[in-house]
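Please read the following briefing alongside the sequence and the coordinates.

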Amino acid sequence: MTQRIWNYISGLRQTSPLVHSITNYVVMNNTANALLAAGASPIMAHAHQEMKDMVSIAGALVINIGTLDEYWVESMRLAIRQAEALKKPWVLDPVGAGATPYRNAVLKELISTYHPSVIRGNASEIMALAQVSVQTKGVDSTHQTEEALDAALQLNAITGAVICVSGATDNIVHHGKRILLRNGDPIMSRITGMGCTATALIAAFCASTPGELFEATTAAMALTGVAGEKAAAQAKGPGSLQMHFLDILSTITEDEFNSSLNIEEEYASIQS
Amino acid sequence: MTQRIWNYISGLRQTSPLVHSITNYVVMNNTANALLAAGASPIMAHAHQEMKDMVSIAGALVINIGTLDEYWVESMRLAIRQAEALKKPWVLDPVGAGATPYRNAVLKELISTYHPSVIRGNASEIMALAQVSVQTKGVDSTHQTEEALDAALQLNAITGAVICVSGATDNIVHHGKRILLRNGDPIMSRITGMGCTATALIAAFCASTPGELFEATTAAMALTGVAGEKAAAQAKGPGSLQMHFLDILSTITEDEFNSSLNIEEEYASIQS
Amino acid sequence: MTQRIWNYISGLRQTSPLVHSITNYVVMNNTANALLAAGASPIMAHAHQEMKDMVSIAGALVINIGTLDEYWVESMRLAIRQAEALKKPWVLDPVGAGATPYRNAVLKELISTYHPSVIRGNASEIMALAQVSVQTKGVDSTHQTEEALDAALQLNAITGAVICVSGATDNIVHHGKRILLRNGDPIMSRITGMGCTATALIAAFCASTPGELFEATTAAMALTGVAGEKAAAQAKGPGSLQMHFLDILSTITEDEFNSSLNIEEEYASIQS
């Protein structure tokens, strides 16, 4: 698997796919820079009149609801419909799931009406999304990681999407398969948009290697974690972390990557 | 006072309050990163349907009119009403006050209809805001600092808000009390959003220590000034200033802070 | 010419003109910081009610369609009309020209109804814009630089605007004059908004030296290229490139600038 992940990373640098992001205002600059650093080409656009056309030229679509409003939610619907019509992958980042009824209602619509290829969130977002989606079952266990894993399995079963729960350990689940990634550094949570960046990179890898959603998600999370960990080792705080992170995304070599990657695979052992 | 200010800073790192910012597009990324670096948790949202809910989970609200439009002004109203209903502090940043009649009309509405806890602006913004508010008296003195102080005292008397005039010397006034802070560096004005960052930090400290608006404002301005001054000493220009500033916000120690703080207090000696 | 360019740069630092940018969400922070670093003062605003007033106090206007929508296009129209009424320069950045019919329709309206002072884009944007504008002639040659130059000459003839095609070599054309600039570094394309920054700097120089549109454009592109080239020499990747770029924009000296500038002038030798 380690070798295959590197192949995704070097493949992204060569194919430079277009990624259309409908994302939040806070992270647009970071996200575009991270996509460029990793080798992809960002598009950010939201006008209703051009959603179909933009999705048509892109290799994948990011839907990030961080600063949603009515206009942008309609942009999302238009883009998603076109992505699904053209069988292009789209990746959902349910930022702030559970924070407000409006956010939950939008998320419920998006995951019940459409079919995300991948969903990535932190533990509380994934748990909130599972609650919104399942409704028949509260999430009441006490251990957050296990809770989130349970929620991820439910979401995978209901939506068919690859589910990634990011955190100190990233969990990626799909149809009985599970990957655990233990890279990264706690300081990564002290800059805004690191999760949004990971989501955008998932879309980039899905675009670069169509059809391999589970492995593409794994490659994106592995690259984010390893680059973040290496950046944290050089950083004096969150400001320099952001700078080093972009530098390393762009320049990391196969040896550097492989010697840092901390990955564990489980198969068929987990079920909801 | 010096010791109390440090207690605010260490308290913010421990309490990590949620700060809801309705702010301008230009500085959203900076502001979120500065809040995170100082220990707070940023929320940025503006959809009308979720304003009440977002304010309900936040500890304080930032209203920054930098890139206002009709939709966002209504978001501001909805958020402010909920903050006032729940007795949560809200902080006004009157970006560009005086630049256009529209901006002035919005500001006049906000400070006459609602009750900001704190208002922070530069000298010309505070003077413009006082003119908008008072109307019976032009600001015609020739010495800008004194003009601004006079405007600040008027605004404090009219609105009841703590008023902060930031500049080479920051002036914070409230009910006859006045703090002067002489930290910072001129290069801080060469990066966008340093004032907006200070405003967001004021909200964070207000959320972290409810009821202590004057001291919370002082702590925020002191932290901004000291961190900016230390960052400037290391910076080779505005690009590296931004990076060092975030690093220092996050890592500054009590000794480093206290040995740099340049603060002066006046009581009962000033009146409009 | 070299000496005159430096005079523009030092003049910008002294005059500090106000530049009003109606630009895209992705680059607002970069653009504001680049304007500040070079010595200008940025305004970013888009509310319809204040477009006339903002343009009235600004020295120049940037129209960048990167994340356009209906509301923002109307903001653009209102701002452009006021700029033209007051004979203030406005600079068009046709981001993503050719990507969608909506984008093309907006661009067609802007350049046929109004009169941009300068247009800056990359080769494909300038070629797309010429196609939109000319319509009678496809762009079908095979050599991209030559294609773009041909498109630039057509656009100059039709619109009367100074046309800048940025790339490995920047070409600036106007009424038979042509400047070639060969500074910069390929890594500049790995951070978002470097072209948008160049456009904003063009507006700043046009504001700083009214009436000298061709030389102002040359000065902006020269400063961007030289600062980017010097930043690239120090950078370890795109993250540190952005930081060094802002530092150098702010601190570059006459000797450093002149010793790096790679400029070639042609006169009267080119015609469409």
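In chain B of this predicted model, B:Glu70, B:Val73, B:Arg77 and B:Ile80 of helix H4(B) meet B:Tyr102, B:Val106, B:Glu109 and B:Leu110 of helix H5(B); contact means heavy atoms within 4.5 Å. The axes of H4(B) (residues 70-85) and H5(B) (residues 101-113) come within 12 Å and cross at roughly 10 degrees. H4(B) and H5(B) are therefore roughly parallel to each other.

**Conventions**

- Because the model is predicted, local features need pLDDT of at least 70 and side-chain atom pairs count only at pLDDT 80 or more, whereas totals for chains, interfaces and linings use all residues; side-chain values use heavy atoms, with hydrogens and water left out.
- Residues are numbered from 1 along each chain as its sequence is written, while chains are lettered from A and ligands numbered from 1 in the order in which they are written.
- Helices (H or I, at least four residues) and strands (E, at least two) are DSSP runs, numbered from the N terminus.
- Axes are lines fitted to C-alpha atoms, for helices over the stretch in contact, and angles run from 0 to 180 degrees between N-to-C directions.
- Angles under 35 degrees count as roughly parallel, over 145 as roughly antiparallel, 65 to 115 as roughly perpendicular and the rest as oblique.
- Buried means under 20% relative accessible area, exposed over 50%, and partly exposed in between (1.4 Å probe, protein chains only).

**Helix length and burial**

- Helix H8 of chain B (residues 194-208) has 15 residues, which at 1.5 Å a residue should span 21 Å; its end C-alpha atoms are 21 Å apart, in agreement. The expected span is 1.5 Å times one less than the number of residues.
- H8(B) is mostly covered, with 14 of its 15 residues buried.
- Helix H1 of chain C (residues 2-15) has 14 residues and should span 20 Å at 1.5 Å a residue, which agrees with the 20 Å between its end C-alpha atoms.
- The buried residues in H1(C) include C:Ile5, C:Trp6, C:Tyr8, C:Ile9, C:Gly11 and C:Leu12.
- C:Phe245 is found in helix H10 of chain C (residues 238-251) and counts as buried at 1% relative accessibility.
- Apart from neighbours within four places in sequence, C:Phe245 is in contact with C:Met194, C:Thr197, C:Thr224, C:Ala227, C:Gly228 and C:Ala231.
- The C-alpha atoms of C:Phe245 and C:Thr113 are separated by 36 Å, with the two residues 132 apart along the chain.

**Symmetry of the chains**

- Two copies of a chain are related by a rotation about an axis and a shift along it.
- Chain C can be laid on chain A by a turn of 120 degrees and a shift of 0.0 Å along the axis, with an RMSD of 0.0 Å. The two copies are thus related as by a three-fold rotation axis.
- The C-alpha of C:Tyr25 is the one nearest the axis in chain C, 3.8 Å from it.
- Only 8% of the interface residues of chain C are also interface residues in chain A, so the copies meet through different surfaces.
- Chain B can likewise be laid on chain A with an RMSD of 0.0 Å, by a turn of 120 degrees and a shift of 0.0 Å along the axis. In chain B, the C-alpha nearest the axis is that of B:Tyr25, at 3.9 Å.
- Of the contact residues of chain B, 8% recur in chain A, and the copies use different surfaces.
- Copies are superposed by least squares on the C-alpha atoms of residues with pLDDT of at least 70 in both.

**Annotated positions in chain A**

- An unreviewed UniProt entry carries the annotation "binding site" for A:Met44 and A:Gly193; such annotations may be inferred rather than shown by experiment.
- A:Met44 lies in strand E2 (residues 41-44) of chain A and counts as buried at 9% relative accessibility.
- Not counting residues up to four places away in sequence, A:Met44 touches A:Ser21, A:Thr23, A:Met28, A:Thr31, A:Ala32, C:Val26, C:Gly66 and C:Thr67.
- A:Gly193 lies in the loop between strand E8 (177-181) and helix H8 (194-208) of chain A, and at 11% relative accessibility it counts as buried.

**Positive phi values**

- A:Ser16, which is not a glycine, has a positive phi of about 45 degrees. A:Ser16 lies in the loop between helix H1 (2-15) and strand E1 (18-22) of chain A and is partly exposed, with a relative accessible area of 31%.
- Just after H1(C), C:Ser16 takes a positive phi of about 45 degrees.
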